Every structure is written in structure tokens, then in C-alpha cells.
Amino acid sequence: GVTYCGESSASSLTMANVPWHEEVVRFVHELVELIPDYEIACEHEHSNCLLIAHKKFKIDREWWTWIDYHRFQELIQEYEDSGGSKTFSAKDYMAKTPAWALFGASERGFDPKDTRYQRKNKSKDISGC
């Protein structure tokens, strides 16, 4: 995916270079068909992003693609305290993906607790978005 962050003297890219979200979805569908053991797990329409995740993070038909940061910090501390002998993997600090973040959810990645603002002045050309 891509999120346009404004103009820059380092690049001539504009909003006209940003694909529509549905174009990104179509591309990622095609891409994931070429990658064994991966599926589309999440999306965030506003950021024009999709997450392709390994199926090992899909447990009992539910995605666990989020991070339990508190558990991660505990594991890092245990690793450091052990001098590097106590290791861990992503499965040790994964968290269940919220329903609103799942690919295909009606919220399309917008947390319902957040306030979504819509652009009022749509007269400016923002091609591609």
C-alpha cells in the first residue's frame, strides 16, 4: 500500500501517482496467489494498506497479527536477563487481530472508537485518492 504524505523536493510524486484502494486490493489479491502459505489478513483503507500474513498467524481460523507490546517487553527483559539464552518468537507475543481490522470487515480498518473525519472541501483535485 501507499500513504501520500505531501510534497517533497526529493520527489516529484503527487496524489496522481497514488493508486485507488481498490487497485491496491486487486494487486495484492494477485500477489498473494503467487506466495504459498500467505493470505490477506488486514486492511486500512485510509492508509491504502493491506497486510499479507503467513498462515502460521491464523489460529483456529482467526488472525493473530497484532502485537502484545506488554508481553513483548517482558520477553525482551527475560532475554536480556538470561544473557541471550532465553529466546522467543513472534508467536510468543502475538495478539488477536480486532474484527474491525480484518480484511473484508465493513470498517475497512477504521477503529470504531476513533472519530473519522471526512474532507469537506472536495473541490481540490486529489486524483488517485
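Trainee: What should I keep in mind about the source of the values?
Mentor: This is a predicted model, in which local features need pLDDT of at least 70 and side-chain atom pairs count only at pLDDT 80 or more, while totals for chains, interfaces and linings use all residues. Residues are numbered from 1 along each chain as its sequence is written, and side-chain values use heavy atoms, with hydrogens and water left out.

Trainee: How many helices and strands are there in the chain, and what makes a run count as one?
Mentor: The chain has two helices and six strands. Both are DSSP runs numbered from the N terminus, a helix being H or I with at least four residues and a strand being E with at least two. From the N terminus on, the order of the elements is α-β-β-β-β-β-α-β.

Trainee: Why is the chain called more spread out than a compact globule?
Mentor: Its radius of gyration is 19 Å, whereas the globule rule gives 14 Å for 129 residues; the value is well over the rule, so the chain is more spread out than a compact globule. The radius is taken over C-alpha atoms, and the rule is 2.2 Å times the number of residues to the power 0.38. The C-alpha trace spans about 60 × 35 × 30 Å along the principal axes.

Trainee: What share of the residues is buried, and how is that decided?
Mentor: Buried residues are 23% of the 129 in the chain. The term means under 20% relative accessible area, with exposed being over 50% and partly exposed in between (1.4 Å probe, protein chains only). The accessible surface of the chain is about 9,600 Å², and 52% of this belongs to carbon and sulfur atoms. Such areas come from the Shrake-Rupley method with a 1.4 Å probe, and for residues only the protein chains shown count as cover.

Trainee: Why is Asn48 called buried?
Mentor: Its relative accessible area is 6%, which is under the 20% limit, so Asn48 counts as buried.

Trainee: Which label does Arg108 receive, and on what value?
Mentor: Arg108 has 22% relative accessibility and therefore counts as partly exposed. It is found in the segment after E6, and its phi is near 50°, a positive value in a residue other than glycine.

Trainee: Is Thr97 buried or exposed, and what does it touch?
Mentor: Thr97 is buried, because its relative accessible area is 4%. This residue lies in the segment after strand E6 (94-95). Contact means heavy atoms within 4.5 Å. Not counting residues up to four places away in sequence, Thr97 touches Cys42, Trp63, Trp64, Thr65, Trp66 and Leu102.

Trainee: Why do Lys86 and Gly83 carry separate labels?
Mentor: Lys86 has a relative accessible area of 40% and is therefore partly exposed, whereas Gly83, at 70%, counts as exposed. Lys86 is found in the loop between helix H2 (69-81) and E6, and Gly83 has its place in the loop between H2 and E6.

Trainee: Which residues is Lys86 in contact with?
Mentor: Leaving aside neighbours within four places in sequence, Lys86 is in contact with Glu78 and Tyr79. Lys86 and Ile76, 10 residues apart in sequence, are 9.2 Å apart in space, C-alpha to C-alpha.
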